Amino acid sequence: MKEFFKVTPLESVLHYASIFPSCGIETVPLERSLGRVLGIDIVSETDLPDFPRSTVDGYAVRAASTFGATEANPAYLAVVGTVAMGQRPGFAVGAGQAAAVSTGGMLPEGADSVVMVEHTEAIDDTTLEVYRSIPPGQHVIEIGEDFRRGAPILAQGRRLRPQEVGLLAAFGKNTVPVYRQPRIGIISTGDEVVAVEDTPAPGQIRDINTYALGGFIREAGGIPLAFGIVKDDLEALFKTCASALDTSDMLLISGGSSVGARDYTVDVLSRLPDPEILVHGIPISPGKPTILARSGKKAVWGLPGHVVSAMVVFKMVVEPFVRHIGGDGSGASPGLRIRARLSRNLASAQGRIDFVRVRLIQRDGNRWAEPVLGKSGLIHTMVQADGLVEIGMNTEGLDRGERVDVIPLGSFI
């Protein structure tokens, strides 16, 4: 099957994500839901808030009682009580009356607004001067103003941030149905690859990809499973892949994807249960010899061995698949992009998509994308980069000063 090397457009590759099913749903405690993907639609079971409350410290009043009030001509109101926090007021406010209330306190019946304490002065325990005319609803959150009973509040497929976790707490959700995090197996291949704790002999390199790809997997919401280093041995690679698929939802094989005498990856993939080679080659740089196959309902990737190529391919090609099977509603959508001006001309060959590493700098009141120059296999070009700029396959290059979209690398920007 070595002759199976015909590039598939990137857009077509990304469409294959839809053929792979999600990992299913589990229920987790609310305190462990941060970063997880919501497994169901959440609908409000009650109004939020379910009582009218003040947004300031002041006095609950009928707005009409303050109409025309100024510093020169204040309104005089009778103080009929104080609202205790966390309790329903046992009295009402009528015309010409007021009740002291703290931020978050419930408005007494009859009150429709709150005048800030800064705009009042207590004459005595029962008489209040008001120096500001206020409209109905001023400094008040009405019943259901945040969410109405029966309204959708969070959609299935949404990744939960601290604010969504807080919202779920507001509705008393102490457990949350979320998608199970995809378990992504990683196998590094090659006679030249040694463990990170070993000292490489001449011609050898440490296993960078297991750790770099593991980090990208975690950022995408998955759980990396390392299956070690496999030498260039067909049977050993097959056995490791078959075993890894038993406990993984997706498998990444780094190395062995390029055409060469020791390319075992395609041969191994064709021997897995219910196999199909979907892609062998994508017109992108770096990462052209990327392989996508399926074994049953699981995706198996052959990634380049060079660490920079492997990381770029994961970010631009594999990550949407990880998010998809993890239930992330964003799926293969473009995601966050940062607008910037290109700091120099960039040449590109037609017929492929180039992903250029850039750093973001602020200069002259503008954000600039400065290309990180260096050969494709040098890891420092990724370390120095804040993101990637895409040059389309029908574009000969980009000009200095042109506005570009920067695809962020890492979650620390």
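**Figure 1. An open sheet of six strands.** In this predicted model, six strands form an open sheet in the order E7-E4-E6-E5-E9-E8. The pairing is mixed. Strands of a sheet pair through backbone hydrogen bonds, and a pair may be parallel or antiparallel.

**Figure 2. The edges of the sheet.** Which strands stand at the edges? Strand E7, residues 113-116, is one, and strand E8, residues 120-124, is the other. Each has a single partner strand, so one side of E7 and one side of E8 lack a neighbour in the sheet. Across this sheet, neighbouring strands are turned against each other by 40° on average, with direction ignored.

**Figure 3. Strands E5 and E6, side by side.** Strand E5 covers residues 75-82, and strand E6 covers residues 97-101. How do the two strands run? They run parallel, joined by four bridges. For a residue-level view, look at glycine 81: alanine 99 of E6 stands opposite.

Figure 4. A disulfide is a covalent bond between the sulfur atoms of two cysteines. How many disulfides does the model contain? The count is zero. Cysteine 23 takes part in no disulfide; its nearest cysteine sulfur belongs to cysteine 241, 19 Å away. The cut-off for a disulfide is a sulfur pair within 2.5 Å.

Figure 5. Is cysteine 23 buried or exposed? Cysteine 23 has 12% relative accessibility, so it counts as buried. Cysteine 241 has 0% relative accessibility and therefore counts as buried too. The cut-off for buried is under 20%.

**Figure 6. The setting: the whole chain.** Buried residues account for 46% of the 413 residues. The accessible surface is about 19,800 Å², and carbon and sulfur atoms hold 51% of that area. What share of contacts joins residues at least 24 apart in sequence, among those between residues at least 6 apart? The share is 72%.

Notes. Residues are numbered from 1 along each chain as its sequence is written. This is a predicted model: local features need pLDDT of at least 70, side-chain atom pairs count only at pLDDT 80 or more; totals for chains, interfaces and linings use all residues. Side-chain values use heavy atoms; hydrogens and water are left out. Buried means under 20% relative accessible area, exposed over 50%, partly exposed in between (1.4 Å probe, protein chains only). Two strands pair if DSSP finds at least two bridges between them. Axes are lines fitted to C-alpha atoms, for helices over the stretch in contact, and angles run from 0 to 180 degrees between N-to-C directions. Contact means heavy atoms within 4.5 Å. Accessible areas come from the Shrake-Rupley method with a 1.4 Å probe; for residues, only the protein chains shown count as cover.
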